[in-house]
Amino acid sequence: MSVVILDGTTVRSFVGDETAFNKSIDGRFAALDLNGDGVLSRSELRRALETFRLTETDFGLDTVTPSDQISALYDSIFEQFDIDQNGTVDLAEFRSEMKKILLAIADGLGTSPVQIALEADEDGGLSLLQEAADLEASKIAGGQRN
Ligand SMILES: [Ca+2]
Ligand SMILES: [Ca+2]
């Protein structure tokens, strides 16, 4: 498990740093676009979500989540991303939704630094929070990134 410590300001400055943010989002999008057609299909996004979250640790070893519940969850996440509801998620939609998610997280965090366990991810955004924390750390460290 990975833990990041950050507050809303850290997240906002990451989202507000358009170069860093878009680079991060674009790289993620390209990695998710397995067939390289420039959009994310339902199955590509699902695969991404399976990578990011919904691992056994999310639910605990004793809990088995019915697969139809997981499918319903994937569908609702996909529909959230697919803003124009044309059945695919393009880069603009992906950027827009990730930005919304991160700003919502920033609002939730406020100004008090908190520890966040990455496995608690509810929306695919926490790996980006890791990058936000790294960006902040790199500024503090004078440009050095780990
Ligand atoms: Ca694709
Ligand atoms: Ca779309």
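**Helices that cross**

Modeller: Let's start with a pair of helices in this predicted model. Helix α2 (residues 18-32) and helix α6 (residues 91-109) have axes that come within 10 Å and cross at roughly 125 degrees.

Biologist: What makes α2 oblique to α6?

Modeller: Angles of 65 to 115 degrees count as roughly perpendicular and those over 145 as roughly antiparallel. The crossing here is at roughly 125 degrees, so α2 is oblique to α6. As for its hand, the crossing of α2 and α6 is right-handed.

Biologist: Which residues make that contact?

Modeller: From α2 there are Asn22, Ile25, Asp26 and Phe29, and from α6 there are Leu91, Phe94, Arg95 and Met98. Sorted by class, the contact has five nonpolar, one polar and two charged residues.

Biologist: And α1, why is that one called roughly antiparallel to α6?

Modeller: Helix α1 (residues 8-16) and α6 have axes that cross at roughly 155 degrees and come within 8 Å. The cut-off for roughly antiparallel is over 145 degrees, so α1 gets that label against α6. The crossing of α1 and α6 is left-handed.

Biologist: What meets what there, between α1 and α6?

Modeller: Gly8, Val11, Arg12 and Val15 in α1 meet a set in α6 made up of Lys99, Leu102, Leu103, Ile105, Ala106, Asp107 and Leu109. By class, this contact of α1 with α6 has seven nonpolar, one polar and three charged residues.

Biologist: What makes the phi of Gln85 worth a remark?

Modeller: Most residues other than glycine have a negative phi. Gln85 isn't glycine, yet its phi is positive, near 55 degrees.

Biologist: How about the whole chain?

Modeller: There are seven helices and four strands, running β-α-α-β-α-α-α-β-α-β-α from the N terminus on. Of its 146 residues, 21% count as buried.

Biologist: Where does UniProt place the feature "domain: EF-hand"?

Modeller: An unreviewed UniProt entry puts it at residues 20-55 and 69-104. Over residues 69-104 the model is 75% helix and 6% strand, with the end C-alpha atoms 24 Å apart.

Notes. Residues are numbered from 1 along each chain as its sequence is written. Chains are lettered from A and ligands numbered from 1 in the order in which they are written. This is a predicted model: local features need pLDDT of at least 70, side-chain atom pairs count only at pLDDT 80 or more; totals for chains, interfaces and linings use all residues. Axes are lines fitted to C-alpha atoms, for helices over the stretch in contact, and angles run from 0 to 180 degrees between N-to-C directions. Helices (H or I, at least four residues) and strands (E, at least two) are DSSP runs, numbered from the N terminus. Angles under 35 degrees count as roughly parallel, over 145 as roughly antiparallel, 65 to 115 as roughly perpendicular and the rest as oblique. A crossing is left-handed if the near helix is turned anticlockwise from the far one by less than a right angle, and right-handed if clockwise. Two residues are in contact if their C-beta atoms, placed from the backbone, lie within 7 Å. Ala, Val, Leu, Ile, Met, Phe, Trp, Tyr, Cys and Pro count as nonpolar, Asp, Glu, Lys and Arg as charged, and the others, Gly among them, as polar. UniProt positions are given in the numbering used here, feature names are shortened, and annotations may be inferred rather than shown by experiment. A residue is buried if 20 or more other C-beta atoms lie within 10 Å of its own, exposed if 12 or fewer, and partly exposed in between; C-beta atoms are placed from the backbone.
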